[in-house]
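Colleague: I would like to learn how to read a model like this one. Please take me through it feature by feature.

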Amino acid sequence: MILALDVGNTNIVLGCLTEEQVCFTSRLSTDRNKTVSEYAVLIQDICRLYQVHPQQIRGGIISSVVPEISEVLQEAVRHLTGKMPLLVGPDLLPYLAVEMDNPKQLGSDLRVDAIAAIQEYPPPILIIDMGTATTVSVIDAQKRYLGGMIIPGVRLALDALSNQTSQLPHISLDKPERLIGKNTVECMASGSVYGNAAMLDGIIERMEETVGKPLCVVATGGIAQTIIPFCKKKILYDDLLLLKGLRILYQKNETG
């Protein structure tokens, strides 16, 4: 069993995985002020909740877009399991052909998503990862990472709307009752959900025109399950995509 951590700007997704399955997943708030010991206790408590003992964990791997806590989490996992986890970087196996101006700028989360998608789905592939930011990644028929988009995330944009306007409240991101809102909260919910769904439909259409072929579209990230039911384009939802990618990376580097 391995311990995998996906460190985002808002949340840390933690999972324990075997070669065949994901045993459990859980979420922690990303806190740049927590110490090694504090993170070690949190991770240990979550493992105990799912009846996983640290001695059962043979290794770990971390994907992080928050560099200032990457080493803290590495040490926390080492302290808990006695093993230093791998940290995803551009030199970690397996090799991914990145057709960008500076391949090293590609975020570890996008790199891991791409590695998992290439193994799980037929190329060419469009990956939509909806977290603090919404990212779009394009993989061509030769399994090369061509590039993509970075868009303000759904929750981020909604909070900015509330924070920057005097009369708009903070609302939860729920399924809108109808397309045409009849009050302020309904209008904000409809705008956020249907607006982002329409944006994704438009992006998929334009990407397929650019690539010149139909794309297998895969969405991941917690917010995606709220948005994609309202899209007109066919989108596959895979909430475990990044954890699957971390397992692939760990297995490849464990065996060399």
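Modeller: Start with one residue. This is a predicted model. N196 sits in helix α5, which spans residues 184–211.

Colleague: Is N196 buried or exposed?

Modeller: Buried means under 20% relative accessible area. N196 has 12%, so N196 counts as buried.

Colleague: Which residues does N196 touch, leaving out those up to four places away in sequence?

Modeller: V154, G191 and I227. V154 leads us to helix α4, residues 154–163.

Colleague: Which residues are buried in α4?

Modeller: V154, L158 and S162. Look down the axis of α4: its buried residues fall within an arc of 65 degrees, so they line one face of the helix.

Colleague: What covers the buried residues of α4?

Modeller: The cover includes three strands, β6 (125–130), β7 (133–139) and β8 (145–152). Helices α5 and α6 (224–227) are also part of the cover.

Colleague: Now the sheets. How do strands pair in general?

Modeller: Through backbone hydrogen bonds, either parallel or antiparallel. Here, an open sheet of 5 strands runs in the order β3-β2-β1-β4-β5, with mixed pairing. Its edge strands are β3 (22–29) and β5 (86–87), and each pairs on one side only.

Colleague: In which sense do β1 and β4 pair?

Modeller: Parallel, over 6 bridges. β1 covers residues 2–7 and β4 covers residues 59–64.

Colleague: Which strands does helix α2 lie across?

Modeller: β1, β2 (11–17), β4 and β5. Helix α2 spans residues 67–81 and runs at about 165 degrees to β1.

Methods. Residues are numbered from 1 along each chain as its sequence is written. This is a predicted model: local features need pLDDT of at least 70, side-chain atom pairs count only at pLDDT 80 or more; totals for chains, interfaces and linings use all residues. Side-chain values use heavy atoms; hydrogens and water are left out. Two strands pair if DSSP finds at least two bridges between them. Helices (H or I, at least four residues) and strands (E, at least two) are DSSP runs, numbered from the N terminus. Contact means heavy atoms within 4.5 Å. Axes are lines fitted to C-alpha atoms, for helices over the stretch in contact, and angles run from 0 to 180 degrees between N-to-C directions. Buried means under 20% relative accessible area, exposed over 50%, partly exposed in between (1.4 Å probe, protein chains only). The arc is that of the directions from the helix axis to the C-beta atoms.
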